[in-house]
Amino acid sequence: MDEQKKPNAEEPQAAEEVLEAAEEAAQRPSECDELKEEVKKLKEEVARGRADYFNLRTRMERDREINAKLAAEQAVKEMIPVFENLERIADAVTDKESALAKGMAMVIKQFENGLCNLGLEFIPVEGEFDPSLHEAVSMEPVDDASRDGHIIGALCRGYKLAGRVLKAPQVRVGKYSGGQDN
């Protein structure tokens, strides 16, 4: 009989183990769900971190380009008056075949190339008048209707850098009066 009681005594213990195992199994899916949720959150944080890093890198590159343009613009603005004065000096030389005139022409060309390498562009002073590029200092009568609203002369050069007008050229603009004499 003792042998029969022994298995009976073990049965409640086995039943308890089965219940514990069932409880553990019932808890595992919630632990798995919690772990899955935590993994999902961590993945989202990593994705946000990557996006923030990409945005920061893009912003820094853009700021670096803007700063380089601003530095070039400031340098060019400082050099334009020097360049214009060199041109005035060269124009004042009466003997265009002299060594001085030829030397000045070479220096001016070298200076111009340096400014162009920094991105400077000369604004054209022929063709139709464009108020966004040119500064009209006078309107002069013209006999030809095709020259109405066109530039007929320039007083000084104009310059652009990176698409922005640094100095507008001062120009004379033709005005057709219809051929009527007053």
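Q: How many salt bridges does the structure hold?
A: There are 8 salt bridges in it. Keep in mind that this is a predicted model.

Q: OK, take R164. Which residue does R164 form a salt bridge with, and how far apart are the closest N and O atoms?
A: The partner is E73, and the closest N and O atoms are 2.8 Å apart. R164 sits in strand β5, residues 164-167, while E73 belongs to helix α1, so the pair links distant parts of the chain, 91 residues apart.

Q: Is E73 buried or exposed?
A: E73 is buried, because its relative accessibility is 9% and the cut-off for buried is under 20%. R164 has a relative accessible area of 47%, so that end is partly exposed.

Q: Which residues are linked with R164 in a network of salt bridges?
A: E73 and K77 are; together with R164 they are linked in a network of salt bridges.

Q: And K167, which side chain does it meet in a salt bridge?
A: That would be E84, at 2.7 Å from N to O. K167 is in strand β5 and E84 in helix α1, so this pair ties together parts that are 83 residues apart in sequence.

Q: How do K167 and E84 come out on accessibility?
A: K167 is at 27% relative accessibility and therefore counts as partly exposed. E84 is at 10%, so it counts as buried.

Q: What about K102, who's the partner there?
A: K102 forms a salt bridge with E97, with 3.9 Å between the closest N and O atoms. That still makes the list because the cut-off is within 4 Å.

Q: How accessible are K102 and E97?
A: K102 has a relative accessible area of 46%, which means partly exposed. E97 is exposed, because its relative accessible area is 59%.

Q: Let's switch to the overall layout. How many helices and strands does the chain have?
A: It has 2 helices and 6 strands. Going from the N terminus, the elements run α-α-β-β-β-β-β-β.

Q: What share of the chain's residues counts as buried?
A: Of its 182 residues, 17% count as buried.

Q: Now the surface. Which residues form the negative patch?
A: E31, D33, E34, E37 and E38 form that negative surface patch. One of them, D33, lies in helix α1, which spans residues 2-92. D33 is at 47% relative accessibility, so it counts as partly exposed.

Q: Moving on to loops: where does H134 lie?
A: H134 is in the loop between β1 (120-122) and β2 (135-142). Its relative accessibility is 7%, so H134 counts as buried.

Q: Which backbone oxygen lies 2.9 Å from a polar atom of the H134 side chain?
A: The backbone oxygen of P124 does.

Q: And S98, where does that one lie?
A: S98 is in the loop between α1 and α2, the latter being 99-117. At 17% relative accessibility, S98 counts as buried, since buried means under 20%.

Q: Which backbone nitrogen does the S98 side chain have 3.2 Å from a polar atom?
A: The backbone nitrogen of A101 is 3.2 Å from a polar atom of that S98 side chain.

Key:
Residues numbered from 1 in each chain as written. Predicted model: local features only at pLDDT ≥ 70, side-chain atom pairs only at ≥ 80, totals over all residues. Heavy atoms only, no water. Patch = residues over 30% accessible without salt bridge, like charges linked within 9 Å, V, L, I, M, F, W, Y side chains within 5 Å. Areas by Shrake-Rupley, 256 points an atom, 1.4 Å probe, with all protein chains shown as cover. Lys, Arg positive; Asp, Glu negative; His and termini not counted. Charge placed at Lys NZ, Arg CZ, Asp CG, Glu CD. Helix = DSSP H or I, 4+ residues; strand = E, 2+ residues; numbered from the N terminus. Buried < 20%, exposed > 50% of the residue type's maximum accessible area, 1.4 Å probe, protein only. Polar contact = N/O pair within 3.5 Å; in protein donor to acceptor, adjacent residues only side chain to side chain.
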